[in-house]
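This report covers domain layout, an annotated region and a set of charged side-chain pairs. The sequence and structure come next.

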Amino acid sequence: MGSLFRSEEMSLCQLFLQSEAAYACVSELGELGLVQFRDLNPDVNAFQRKFVNEVRRCDEMERKLRYLEKEIKKDGIPMLDTGESPEAPQPREMIDLEATFEKLENELREVNQNAEALKRNYLELTELKHILRKTQVFFDEMADSHREEEQVNLLGEEGIRAGGAGAQGQNLKLGFVAGVILRERLPAFERMLWRACRGNVFLRQAMIEDPLEDPSNGDKVYKSVFIIFFQGDQLKTRVKKICEGFRATLYPCPEAPTDRREMAMGVMTRIEDLHTVLGQTQDHRHRVLVAAAKNLKNWFVKVRKIKAIYHTLNLFNLDVTQKCLIAECWVPLLDFETIQIALRRGTERSGSSVPPILNRMETFEDPPTYNRTNKFTHAFQALINAYGVASYREMNPAPYTIITFPFLFAVMFGDLGHGTIMALFGLWMVLKEKPLAAKKSDNEIWNIFFGGRYIIFLMGVFSMYTGFVYNDIFSKSLNVFGSAWSTNYNTSTVMSNKALQLNPKGMDYAQTPYPFGLDPVWQVAPLNKIIFQNAYKMKISIIFGVIHMLFGVFVGLFNHRYFKNKMAIYCEFIPQVIFLVFLFFYMTLLMFIKWVKYSASATDVVYSEGCAPSILITFINMVLFKAPDEHTGDCSPYMFAGQSGLQKFLVVVALLCVPWMLLAKPILIMRGRKEAAVSVFIETLDDSGTQAGQQPAQQQGGGHGHDNEEMSEIFIHQGIHTIEYVLGSVSHTASYLRLWALSLAHAQLAEVLWNMVLQNGLKQDGWIGGIALWAVFAFWAVLTVGILVLMEGLSAFLHTLRLHWVEFQSKFYAGLGYAFQPFSFEVILESSSSSSED
């Protein structure tokens with residue numbers, strides 16, 4: 001079979017590359033993405049490998065690019081992304097790239113330092129400008145009539161009376177300091193001044209209305225101007241220490257008004273000059289960043305490719321001559337020629353005259369599992385791999401899941417309206433997949449939806465189909481073909497009775513079923529609608545479940561045949577099929593017999609609707625070897641002649657399959673080992689006359705993976721496997737009843753939403769009814785999409801996933817392999833870009 005049904009055949013190869021051509025050849029293999037290299041130096045420290053210096057250089061270049069990217073994003077400059085992936089540059093081009101990045105980083109750091117210094121100077125001048133403006137107001141107030149009162153409050157009345165009139169001006173001369181402080185620190189600053197100076201200072205403050213820019217981080221801060229009046233050097237020292245502690249900035253402020261005016265004019269001139277220089281600096285920085293933004297994405301790709309190549313070369317071994325690199329790699333056999341062509345192309349690019357050598361090696365290791373996927377099958381394969389990666393060349397469940405997964409989902413979600421909403425959403429993502437994929441959203445929930453767009457589309461389409469079968473659209477029916485039922489009651493009888501019965505024997509039923517799906521009459525039969533749908537959906541859930549499990553067992557047959565495991569066919573597959581068919585498949589056959597043979601229009605009373613036996617009771621009596629209760633009248637507890645004897649035979653044979661599964665395989669393995677040991681013993685005696693060469697030849701024992709296990713472990717393993725299958729057959733069959741339960745719950749929720757919400761809007765009359773219907777419909781639509789489509793859809797999805805992982809795949813799928821992880825630039829770049837965004 002192809003790789004769709006079974007993983008690709010892999011081969012372990014040994015690759016010999018000349019040192020000069022190794023870089024170019026690995027680069028070509030990275031573009032191809034079909035080779036998984038093995039580490040031939042597992043015991044060598046990462047810092048002691050041959051190309052560690054080159055990897056460090058790449059790390060340094062990547063650091064510089066991240067710095068450039070951070071500065072570009074800070075300025076909001078768009079980065080050009082053409083979507084192209086440039087080839088990995090030659091090793092000699094690394095020097096040019098390093099020089100370019102070094103020049104850009106140094107230039108940008110120098111510009112940033114200059115801009116920060118200019119901004120700091122601009123901030124100081126701006127603060128000084130506000131100080132000169134605000135303090136002028138303070139000094140003008142000191143010159144008014146309140147000055148004497150303030151001096152009294154500051155120095156006390158005794159100090160004023162102590163000095164004479166001539167000495168008063170000299171003694172009461174006040175010193176002052178002016179500065180700015182963060183607005184939130186001002187209350188604490190004022191309290192500290194008052195306590196430390198014991199009230200002998202006078203503080204005036206005024207807010208700076210406009211926020212100022214902090215040059216270190218660019219944040220906007222709010223500050224206030226203050227001026228402190230005091231007397232004496234001791235208070236001056238104390239005030240300055242407090243200002244330093246609160247990180248207030250002090251500025252010189254002349255006492256004379258003329259000096260203050262001159263300083264203010266000089267400050268304004270310097271601010272204008274600084275403003276011009278700052279603008280030119282920002283323009284230069286912007287030009288540098290715009291030029292870098294055009295090439296930044298390509299530079300990231302080049303550096304990451306170089307780093308990936310040297311990291312891969314560190315996995316190689318050097319030969320004795322130090323001129324040849326030796327690698328081991330896993331290669332898909334179908335791509336062997338493609339890989340050789342890529343190696344030759346790399347050799348030609350490097351100018352080497354020695355061609356690379358790719359030799360296949362024999363190995364006993366389990367190869368990696370490689371399933372080729374496209375954008376359609378990738379999501380289904382991801383569902384399987386989430387359970388476990390398939391063992392090498394094991395049957396792949398993904399192709400069957402493409403059909404069974406959306407179908408079983410639709411059995412639970414069957415509604416034509418809800419399925420249409422889901423299908424349209426999936427179709428929109430499929431049609432717009434290129435522009436949507438190009439956006440590269442970092443929203444995890446959206447990425448999950450977009451990754452499973454084909455699953456969502458198929459689930460919607462299948463739900464529309466099952467909605468047709470259930471004849472259910474938003475809890476209502478479509479009468480497309482005309483109902484086979486008709487009412488023969490008169491109008492008064494219909495209007496005066498809440499419940500009326502239609503007789504399927506008489507004229508009420510046309511004796512021909514509805515052409516497709518359920519008859520729409522059941523939607524208007526509220527009393528027995530659930531009873532009818534319960535019986536119908538419960539039976540089809542069991543039927544689908546048994547068929548699904550049987551299919552899983554038969555898929556296991558392909559595994560046994562491919563691996564030539566005849567013992568598993570005779571000792572596991574055959575008894576498993578017999579056990580499942582003779583018990584549970586027989587029960588599904590009884591359902592079809594009951595549907596076909598029993599009807600209200602049957603001429604024979606034995607096959608009338610009242611004589612139809614219960615399938616569940618019949619199955620329980622069959623397993624317990626219990627005779628059914630005798631029916632009174634003409635009814636028979638059996639559906640066909642010889643049913644009792646057939647059922648006993650089926651149960652006995654099914655029970656005999658349990659010891660068959662439990663003991664046959666271990667006994668055959670034990671017998672094969674004894675025969676192999678005896679044959680080797682006889683051969684060694686014939687050849688040498690001694691037993692010196694005797695070894696238990698387990699390879700002929702037919703153990704198929706149990707050669708090194710003890711017999712006790714084999715018996716225990718087989719016992720666990722048998723118990724799991726026998727009990728699992730019962731529990732898994734019952735587990736498929738979730739199809740019935742969720743389908744019923746979904747239909748009832750849709751009906752509740754219709755009756756409790758939308759129906760209220762439809763009952764209103766007039767223009768008020770139109771407005772009410774508009775509001776009610778909006779509310780109903782939100783609840784329908786949010787609850788019935790999203791939440792119920794997620795619930796049905798999880799239940800479907802469980803049915804595939806547990807009930808279906810447990811019949812044949814081991815999932816003990818490990819994934820093929822080729823050296824691919826595409827994968828490396830995607831993971832690097834996603835990690836950088838995080």
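The C-alpha centres of domain 1 and domain 3 are 50 Å apart. The domain assignment, an automatic or database one, gives domain 1 as 10-110 + 287-360, domain 2 as 115-142 + 173-279, and domain 3 as 375-480 + 516-679 + 709-811.

This is a predicted model, in which local features need pLDDT of at least 70 and side-chain atom pairs count only at pLDDT 80 or more, while totals for chains, interfaces and linings use all residues. Residues are numbered from 1 along each chain as its sequence is written, and side-chain values use heavy atoms, with hydrogens and water left out.

An unreviewed UniProt entry annotates residues 51-128 as "coiled-coil region"; such annotations may be inferred rather than shown by experiment. Over residues 51-128 the chain is 76% helix and 0% strand, where helices (H or I, at least four residues) and strands (E, at least two) are DSSP runs numbered from the N terminus. The end C-alpha atoms of residues 51-128 are 57 Å apart.

Side chains of opposite charge can pair when their charged atoms come close. The structure holds 30 salt bridges, each defined as a side-chain nitrogen of Lys or Arg within 4 Å of a carboxyl oxygen of Asp or Glu. Among them are the following pairs.

| Pair | N to O distance |
|---|---|
| Arg63 and Glu60 | 2.6 Å |
| Arg372 and Asp335 | 2.4 Å |
| Arg453 and Glu433 | 2.9 Å |

Accessibility is classed as buried (under 20% relative accessible area), exposed (over 50%) or partly exposed (in between), using a 1.4 Å probe and protein chains only.

Arg63 and Glu60 both belong to helix H2 (residues 52-74) and are three residues apart, about one turn of the helix. Arg63 is partly exposed at 30% relative accessibility, and Glu60 is partly exposed at 35%.

The side chains of Arg372 and Asp335 meet in a salt bridge. Arg372 is in the loop between strand S11 (357-361) and helix H11 (378-387), and Asp335 in the loop between strand S10 (324-332) and helix H10 (336-350), so the pair ties together parts 37 residues apart in sequence. Arg372 is partly exposed at 29%, whereas Asp335 is buried at 10%.

Arg453 forms a salt bridge with Glu433. Arg453 lies in helix H16 (residues 453-470) and Glu433 in helix H14 (residues 433-439), so this pair ties together parts 20 residues apart in sequence. Arg453 is buried at 10% relative accessibility, and Glu433 is buried at 11%.

Finally, a network of salt bridges links Asp59, Glu62, Arg304 and Lys307.
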